[in-house]
Amino acid sequence: MEKWRATSNLRRSLKSILNRQLSTVSEFRYLNEKRSCQSSFNLIRDCKSLGQVNAIQHRCFSSASTLVQRNPSFSTLNSDDISYFKGLLGEKSVIQDEDRLETVNTDWMHKYKGSSKLLLLPRSTEEVAQILRYCNSRCLAVVPQGGNTGLVGGSVPVFDEVIVNVSSMKNIISFDKVSGILVCEAGCILENLISFLDNQGFIMPLDLGAKGSCQIGGNVSTNAGGLRLVRYGSLHENVLGLEAVLANGDVLDMLGTLRKDNTGYDLKHLFIGSEGSLGIVTKVSILTPPKLSSVNIAFLACNDYSSCQKLLMEAKRKLGEILSAFEFLDTEAMNLVLHQFDGVRNPLPASMHNFYILIETTGSDESYNREKLEAFLLSSMEDGLISDGVLAQDINQASSFWRIREGVPEALMKAGAVYKYDLSLPVEKMYDLVDDMRIRLGDLAKVVGYGHLGDGNLHLNVSAPEYDDKILEQIEPYVYEWTSKHRGSISAEHGLGLMKANKVYYSKSAETVQTMASIKKLLDPNGILNPYKVLPHSLNS
Amino acid sequence: MKIMVAVKRVVDYAVKIRIKPDKSGVETQNVNMSMNPFCEIALEEALKIKESGLAKEVVAVTMGPSNCVDTLRTGLAMGADRGIHVEAARDLVPLSVAKVLKKLVEVENPGLLILGKQAIDDDCNQTGQMIAALLGWPQGTFASKVVLDKEKQVATVDREVDGGLETLCLDLPAVITTDLRLNQPRYATLPNIMKAKSKPIKRYTPEELNVEIKSGLEVVQVTEPPKRKAGVILSSVDELIDKLKNEAHVI
């Protein structure tokens with residue numbers, strides 16, 4: 001592992017040199033900047049002697065099937081555009097500095113890298129509207145961006161799209177203590193909202209590992225799921241209203257704070273999960289549940305996957321209304337986390353078990369809930385469903401259990417190259433896929449399975465020291481076909497982004513997708529919002 | 001040999017502390033409570049010694065109102081064999097705790113008394129030292145390493161002191177108070193939680209033990225520390241000198 005860290009350090013320092021030219025050998029950038037690519041190859045060859053090349057060359061990978069060409073109908077930025085934006089937003093909100101562009105052009109996983117030359121930081125809905133109105137008239141492509149924590153390349157440019165980042169719009173507009181309805185701007189970081197609500201005695205209905213960086217606008221645009229979906233439901237249920245700006249600069253004010261409002265078509269649901277391709281979300285009104293005092297968490301071990309399933313059934317029945325999270329990880333995932341992080345220790349060190357389950361209960365009565373949880377755990381143990389387990393005795397222990405589960409994506413990143421798949425499958429079949437993949441890949445790579453068992457959502461990750469097309473061949477399209485065969489979803493919560501733009505047919509019928517394309521054409525006739533993503537490229541001509 | 005461990009129920013370490021509006025103390029209603037982290041370390045050390053075969057029994061002791069039994073249950077779930085709960089209406093000051101412990105030691109006759117170095121609610125760091133004085137036992141406080149020698153009946157304790165580490169050799173019976181780096185407390189496993197339900201907890205009252213717990217101290221007021229004021233950005237060295245001279249009065 002040390003070797004890998006040294007590699008990445010060296011790579012980062014070389015990155016700034018390489019980025020003057022073309023650092024990556026991904027297809028879409030090649031098509032765009034053919035000439036500079038030639039010289040970059042020389043640079044890479046020179047770097048070969050440093051022995052770090054493989055890592056650099058393969059750091060940005062793209063599946064062969066996402067070979068995209070820049071849409072020639074989009075204009076290129078010129079100095080007039082820059083002057084206009086500077087006049088509109090002020091010098092500070094118009095960024096052309098290469099170092100800052102470097103960060104916003106690259107996604108969290110360092111898998112996708114665009115070549116945008118302009119980052120805009122609007123501070124109000126009006127500014128967003130004017131930006132879009134201008135870009136629409138000039139036919140300039142735009143990428144809406146928030147915390148840039150997306151995992152399917154949906155938050156970064158593919159070519160030179162203008163990045164409209166809403167991070168500066170981070171005000172909490174209002175909070176009603178009686179109803180728990182929070183109205184805030186799209187750039188509010190989830191963790192900040194959680195802290196704010198904590199002081200008021202409420203919690204956000206969603207929680208995810210990326211909470212320190214992800215923003216609520218992005219969460220809503222991708223219909224983020226997270227760890228508490230099993231209890232509080234998805235964002236479609238919790239978002240009461242939103243304000244979005246359409247491609248032509250029209251502002252749709254659907255910022256209602258009403259639980260019930262059956263007046264006309266409920267358009268906000270179109271924007272929830274459309275990944276910025278139908279409009280830029282600028283404000284959100286969300287229903288927040290009250291913070292209940294008694295939270296208990298148990299970390300359990302099971303011998304086989306069928307026990308995990310039975311445990312889930314029993315938990316839903318016996319814990320019922322107090323169950324707030326049901327997560328699982330397999331041995332591979334546990335090993336990875338223990339290996340990659342220093343401060344983390346295995347709560348069940350006696351032996352390595354096959355599966356680990358994390359159960360959290362939230363309720364209002366401490367002793368009642370604790371007894372209920374203990375009774376459930378003890379009876380499950382007696383029935384042989386659990387082989388071992390621990391119950392957190394204080395908040396620190398609880399956080400350490402969550403650290404293990406939430407740390408898996410980070411640990412995968414540190415371990416090298418990772419192929420990430422997020423699938424919804426019938427619970428009985430979920431782990432069969434992991435076993436199948438292990439057989440298929442053999443020694444080529446490590447297959448890690450973890451996820452929201454309570455929602456039937458598997459995060460299948462394949463970890464290898466480096467990206468390698470041989471590995472990719474074995475994974476795609478097998479994973480998608482397998483999922484499709486069981487009528488699952490090829491993207492449970494991560495969305496389609498760039499990674500799965502052409503894959504939607506595995507989970508949706510052709511007619512459905514055609515209707516989606518019609519809606520896109522209606523709301524964004526020039527196709528400037530987040531192009532090349534979400535819907536298949538063949539539909540965009 | 002028997003080991004006695006004193007544990008205290010305190011506001012959970014991760015909770016944000018609030019003062020009661022009447023300034024009489026810290027808000028403890030509807031707040032998560034748990035075992036004092038240093039007491040967890042003390043109990044872990046006792047359990048380790050028992051597992052290495054040098055002790056036969058670990059007894060956990062707590063004092064306070066009836067909800068303190070929760071902490072005892074945690075201790076039993078971690079692996080203590082028995083619990084003792086001394087019922088008292090409100091929080092006891094270290095001297096009272098030490099007096100009660102002295103009586104319990106006379107009843108139980110442990111070879112080793114382990115406590116956390118201090119409680120995170122009052123930060124007194126007094127109980128261990130007081131009980132050692134009352135009993136006339138040697139004390140090894142701020143322990144970061146404890147090694148027992150059964151034959152010679154001594155405990156070698158590494159203490160964390162300001163200058164570094166000090167190693168003391170204590171004749172048993174002795175009092176040890178634990179510091180942060182001594183060990184990492186174990187989690188309460190389900191089998192142990194199951195067993196804990198049947199482990200005995202003996203109840204005493206201070207009157208039964210003939211201990212006077214009236215405190216000579218009275219808490220007058222509890223307030224928050226003054227809020228840290230924002231810094232000021234100065235524009236020149238002259239302004240800095242002026243402020244240091246006339247406002248801060250340091251030059």
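1. Let's start with how chain A is held together. Among its contacts with a separation of 6 or more, 74% are between residues 24 or more positions apart. Bear in mind as you read on that this is a predicted model. Chain A has 21 helices and 16 strands. Of its 541 residues, 57% count as buried.

2. Next, the place where the two chains meet. How much area do chain B and chain A bury between them? The figure is about 1900 Å², with 58% of it on carbon and sulfur atoms. If that way of describing things is new to you, the size of an interface is often given as the accessible area lost when the parts come together. The contact draws 23 residues from chain A and 20 residues from chain B. On the chain B side, look for B:Tyr187, B:Leu190 and B:Met194: they supply 39% of the area that chain B buries against chain A, more than any other three residues.

3. Now for the polar side of that interface. Between chain B and chain A there are 8 residue pairs in polar contact, counting pairs with both residues at pLDDT 80 or more. Which parts of chain B each supply at least two residues to the side that touches chain A? They are strand 11 (188–189) and helix 5 (190–196). Helix 5 of chain B gives the most, with 4 residues. As for salt bridges, the rule finds 1 across the interface. In a salt bridge between the chains, the side chains of B:Lys197 and A:Glu374 meet at 2.7 Å, N to O.

4. Side chains of opposite charge can pair when their charged atoms come close. Over all chains, the count comes to 37 salt bridges. One of the pairs in chain A joins A:Arg228 to A:Glu360, with the closest N and O atoms 3.0 Å apart. A:Arg228 sits in the loop between helix 9 and helix 10 of chain A, while A:Glu360 is in strand 12 (residues 355–363), so this pair ties together parts that are 132 residues apart in sequence. Are these two residues buried or exposed? Both A:Arg228 and A:Glu360 are buried. They also belong to a network of salt bridges that links A:Asp207, A:Lys211, A:Arg228, A:Glu360 and A:Glu406.

5. In chain A, the salt bridge between A:Glu127 and A:Arg123 has its closest N and O atoms 3.3 Å apart. A:Glu127 counts as buried, at 13% relative accessibility, whereas A:Arg123 counts as partly exposed, at 42%. In chain B, B:Asp81 pairs with B:Lys50, and here the closest N and O atoms are 2.8 Å apart. B:Asp81 lies in the loop between helix 2 (69–78) and strand 5 (82–87), and B:Lys50 in helix 1 (residues 37–51), so the pair ties together parts of chain B that are 31 residues apart in sequence. B:Asp81 is partly exposed at 22% relative accessibility, and B:Lys50 is partly exposed with a relative accessible area of 24%.

6. A cis peptide bond, with omega about 0 degrees, joins A:Glu476 and A:Pro477. A:Pro477 is in the loop between helix 19 (469–475) and helix 20 (478–485) of chain A. In chain B, a cis peptide bond joins B:Leu172 and B:Pro173, and B:Pro173 is in the loop between strand 9 (164–171) and strand 10 (174–178). Then check phi. A:His110 has a positive phi, near 60 degrees, despite being a residue other than glycine. A:His110 is in the loop between helix 6 (98–105) and strand 2 (119–120) of chain A. A:Asn223 is not a glycine either, and its phi is positive at about 50 degrees.

7. Last, take a look at the surface of chain B. Which residues form a nonpolar patch there? They are B:Val237, B:Leu240, B:Ile241, B:Leu244, B:Val250 and B:Ile251, with about 530 Å² of accessible area together. B:Val237 lies in helix 6 (residues 237–246) of chain B. With a relative accessible area of 58%, B:Val237 counts as exposed, because the cut-off for that label is over 50%.

Notes:
Residues are numbered from 1 along each chain as its sequence is written. Chains are lettered from A and ligands numbered from 1 in the order in which they are written. This is a predicted model: local features need pLDDT of at least 70, side-chain atom pairs count only at pLDDT 80 or more; totals for chains, interfaces and linings use all residues. Side-chain values use heavy atoms; hydrogens and water are left out. Patches are made of residues with over 30% relative accessible area and no salt bridge: like charges are joined within 9 Å, nonpolar side chains (Val, Leu, Ile, Met, Phe, Trp, Tyr) within 5 Å. Accessible areas come from the Shrake-Rupley method with a 1.4 Å probe; for residues, only the protein chains shown count as cover. A salt bridge is a side-chain nitrogen of Lys or Arg within 4 Å of a carboxyl oxygen of Asp or Glu. Buried means under 20% relative accessible area, exposed over 50%, partly exposed in between (1.4 Å probe, protein chains only). Contact means heavy atoms within 4.5 Å. Buried area is the accessible area (1.4 Å probe) that two parts lose on being put together, summed over both. A polar contact is a pair of N or O atoms within 3.5 Å; within protein, one must be able to donate a hydrogen and the other to accept it, and residues adjacent in sequence count only if both atoms are side-chain atoms.
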